[in-house]
Amino acid sequence: MIYALPTLAYSFDALEPAIDARTMEIHYTKHHQAYVDNLNKALADFPETAEKPLPELLSDLERVPEKIRLAVRNHGGGHVNHSLFWEVMKPGGGKEPAGRLLGEIEKNFGDVLKFKEQFGAAAMGRFGSGWAWLAADDSGQLSVVSTANQDTPLAEGKKPLLGLDVWEHAYYLKYQNRRKDYIDAWWTVVNWDEVEKNLTSS
Ligand code: MN
């Protein structure tokens, strides 16, 4: 399996003003591309590992050969995390959660506002680089999770439904140190239909 950048469903400027075109372009063509390239490089001499689906590898890193474990964790994680990130955003956003997703959010967090507060706190509270997530466990219970670097909730046996990149490369050009402004603006481009799809496919 040779990994490649997924196709973006929108142009680099499509998420303006929440995410500026220059940040999108660099994030996708440089940062995400580097994760893909380094993942392929790591897997090149390990065909048996390369054959396995990436989520499977990231769910059980102990089974990845030690020599490439850290590379798979960082760059494989980087690839799956960013692939999801592009998909859970769309130009103009998707209004608010609806349908089954809304029901699950209300059941697990009380209401959408409380969920957003909890998610925002996780995104703000992540020291350094990492992600905030809405994730589902095997029993369907939803939770807000934060991971460092390119770690993924998959490693904790949870399926990521929605993810927010809070590495500085995701927002620094436009927001500098104002991570909270980035988080607040990001809600306007969240693609809730895609989040619900991730929920129902689990
Ligand atoms: Mn990133």
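**View 1. Helices α6 and α8 in a right-handed crossing.** In this predicted model, α6 passes α8 in a right-handed crossing. The axes of α6 and helix α8, the latter formed by residues 179-186, come within 10 Å and cross at roughly 145°. On the α6 side the contact is made by F119, G120, A123 and M124, and on the α8 side by R179, K180, I183 and W186. Sorted by class, the residues of this contact of α6 with α8 are five nonpolar, one polar and two charged.

**View 2. Helices α5 and α6 in a left-handed crossing.** Helix α5, covering residues 99-109, packs against helix α6, covering residues 112-125, at an angle of about 70°, and their axes are 8 Å apart. Because of that angle, α5 counts as roughly perpendicular to α6. The crossing in which α5 passes α6 is left-handed. From α5, the residues L102, I105 and F109 meet V112, K114, F115 and Q118 of α6. The residues of this contact of α5 with α6 divide into five nonpolar, one polar and one charged.

**View 3. Helices α5 and α9 and the residues that join them.** The axes of α5 and helix α9, which comprises residues 192-200, come within 8 Å and cross at roughly 75°.

**View 4. The contact between domain 1 and domain 2.** The protein chain is divided into domain 1, residues 21-87, and domain 2, residues 99-200. The C-alpha centres of domain 1 and domain 2 lie 20 Å apart, and the contact takes 18 residues from domain 1 and 24 residues from domain 2. Between domain 1 and domain 2 an area of about 1600 Å² is buried, of which carbon and sulfur atoms give 58%. Of the area that domain 1 buries against domain 2, 34% is supplied by N81, L84 and F85, which is more than any other three residues supply.

**View 5. The cis peptide bond at E16 and P17.** The peptide bond that joins E16 and P17 is cis, with an omega of about 0°. P17 has its place in the segment before α1, the helix that spans residues 21-43. As background to this view and to the next, most peptide bonds are trans, and most residues other than glycine have a negative phi.

**View 6. The positive phi of N149.** Although N149 is not a glycine, this residue has a positive phi of about 55°. N149 lies in the loop between β2, residues 142-148, and β3, residues 159-165.

Methods: Residues are numbered from 1 along each chain as its sequence is written. This is a predicted model: local features need pLDDT of at least 70, side-chain atom pairs count only at pLDDT 80 or more; totals for chains, interfaces and linings use all residues. Side-chain values use heavy atoms; hydrogens and water are left out. Axes are lines fitted to C-alpha atoms, for helices over the stretch in contact, and angles run from 0 to 180 degrees between N-to-C directions. Helices (H or I, at least four residues) and strands (E, at least two) are DSSP runs, numbered from the N terminus. Angles under 35 degrees count as roughly parallel, over 145 as roughly antiparallel, 65 to 115 as roughly perpendicular and the rest as oblique. A crossing is left-handed if the near helix is turned anticlockwise from the far one by less than a right angle, and right-handed if clockwise. Contact means heavy atoms within 4.5 Å. Ala, Val, Leu, Ile, Met, Phe, Trp, Tyr, Cys and Pro count as nonpolar, Asp, Glu, Lys and Arg as charged, and the others, Gly among them, as polar. Domain bounds come from an automatic or database domain assignment. Buried area is the accessible area (1.4 Å probe) that two parts lose on being put together, summed over both.
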